[in-house]
Amino acid sequence: MLRGTRSLRLTRRETARWIKITGIEPDVKTADDLQSYVQRCKEHFWGVSEDTRFLHFLIDEEVARNLGAVEQGRMGS
C-alpha cells in the first residue's frame with residue numbers, strides 16, 4: 001500500500017488479493033475508504049457459520065497486512 005499525507009493506494013498485488021478473498025474489487029483512496037470497503041464486505045458476507053467467521057478473519061488479516069506495510073514503509077524511511 002502506498003500512502004500519501006491524505007491518500008493511499010493499493011498496489012496491484014494487494015488489489016488482486018482483496019478480489020481473491022472477497023470477490024469485490026476495492027475502490028480505495030483513503031484510510032476511511034478502506035474501512036468502508038471492509039465493512040461493506042463483511043455486511044455482504046454476513047452470518048455466524050464457520051466459513052463466514054473464517055472469511056471475516058481473512059479480511060481482518062489483510063487489513064492488518066496492508067496497514068502493517070504502511071507502518072513499515074514509514075519506519076524504513
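User: Which exposed residues does the face of α1 turned away from its buried side carry?

Analyst: This is a predicted model, and in it helix α1 covers residues 12-22, with Glu-14, Thr-15, Trp-18, Ile-21 and Thr-22 buried. Seen down the axis of α1, these buried residues fall within an arc of 130°, so they line one face of the helix. The face turned away from that buried side carries the exposed residues Arg-12, Arg-13 and Lys-20.

User: Which residue follows α1, and what is its phi?

Analyst: Helix α1 takes in residues 12-22, and Thr-22 lies in this helix. The residue that follows α1 is Gly-23, whose phi is positive, near 75°.

User: How is the protein built up from the N terminus on, in terms of its elements?

Analyst: The protein holds three helices and two strands. Read from the N terminus on, these elements run β-β-α-α-α.

User: Which residues are buried in α2, and how wide is the arc they fall within?

Analyst: Helix α2 has 14 residues and reaches 20 Å from its first C-alpha to its last, which is close to the 20 Å expected at 1.5 Å a residue. Its buried residues are Leu-34, Tyr-37, Val-38 and Cys-41, while Asp-32 and Glu-43 are exposed on the other side of the helix. Seen down the axis of α2, the buried residues line one face of the helix, because they fall within an arc of 100°.

User: How many aromatic pairs does the structure hold, and what is the geometry of the pair formed by Trp-18 and Tyr-37?

Analyst: The structure holds two aromatic pairs. In one of them, Trp-18 and Tyr-37 have their ring centres 5.3 Å apart and their planes at 90°. With planes over 60 degrees apart counting as edge-to-face, the pair of Trp-18 and Tyr-37 is edge-to-face.

User: How many residues apart in sequence are the parts that this pair ties together?

Analyst: Both Trp-18 and Tyr-37 are buried. Trp-18 lies in helix α1 and Tyr-37 in helix α2 (residues 31-44), so the pair ties together parts that are 19 residues apart in sequence.

User: Is the pair of Phe-54 and Phe-57 stacked or edge-to-face?

Analyst: Phe-54 and Phe-57 both lie in helix α3 (residues 50-76), three residues apart, which is about one turn of the helix. Phe-54 is partly exposed, with a relative accessible area of 49%, and Phe-57 is likewise partly exposed, at 43%. Their ring centres are 6.1 Å apart and the angle between the planes is 25°, and the pair is stacked.

User: Is Thr-22 buried or exposed, and what is its relative accessible area?

Analyst: Thr-22 touches Tyr-37, Cys-41, Phe-45 and Ile-59, not counting residues up to four places away in sequence. Thr-22 and Leu-58 are 36 residues apart in sequence, and their C-alpha atoms are 9.3 Å apart in space. Since buried means under 20% relative accessible area, Thr-22 is buried, with a value of 6%.

User: With which residues is Val-38 in contact, leaving aside its neighbours within four places in sequence?

Analyst: Val-38 lies in helix α2 and is buried, with a relative accessible area of 7%. Its C-alpha atom is separated by 8.3 Å from that of Asp-60, which is 22 residues apart from Val-38 along the chain. Val-63, with neighbours within four places left aside, is in contact with Trp-18, Gln-35 and Val-38. On the same terms, Val-38 is in contact with Trp-18, Ile-59 and Val-63.

User: What share of the accessible surface of the protein belongs to carbon and sulfur atoms?

Analyst: Of the 77 residues of the protein, 27% count as buried. The accessible surface of the protein comes to about 5700 Å², and the share of it that belongs to carbon and sulfur atoms is 51%.

Conventions. Residues numbered from 1 in each chain as written. Predicted model: local features only at pLDDT ≥ 70, side-chain atom pairs only at ≥ 80, totals over all residues. Heavy atoms only, no water. Buried < 20%, exposed > 50% of the residue type's maximum accessible area, 1.4 Å probe, protein only. Helix = DSSP H or I, 4+ residues; strand = E, 2+ residues; numbered from the N terminus. Arc of directions from axis to C-beta. Phe/Tyr/Trp six-rings, centres within 6.5 Å; stacked < 30°, edge-to-face > 60°. Contact = heavy atoms within 4.5 Å. Expected span 1.5 Å × (residues − 1). Areas by Shrake-Rupley, 256 points an atom, 1.4 Å probe, with all protein chains shown as cover.
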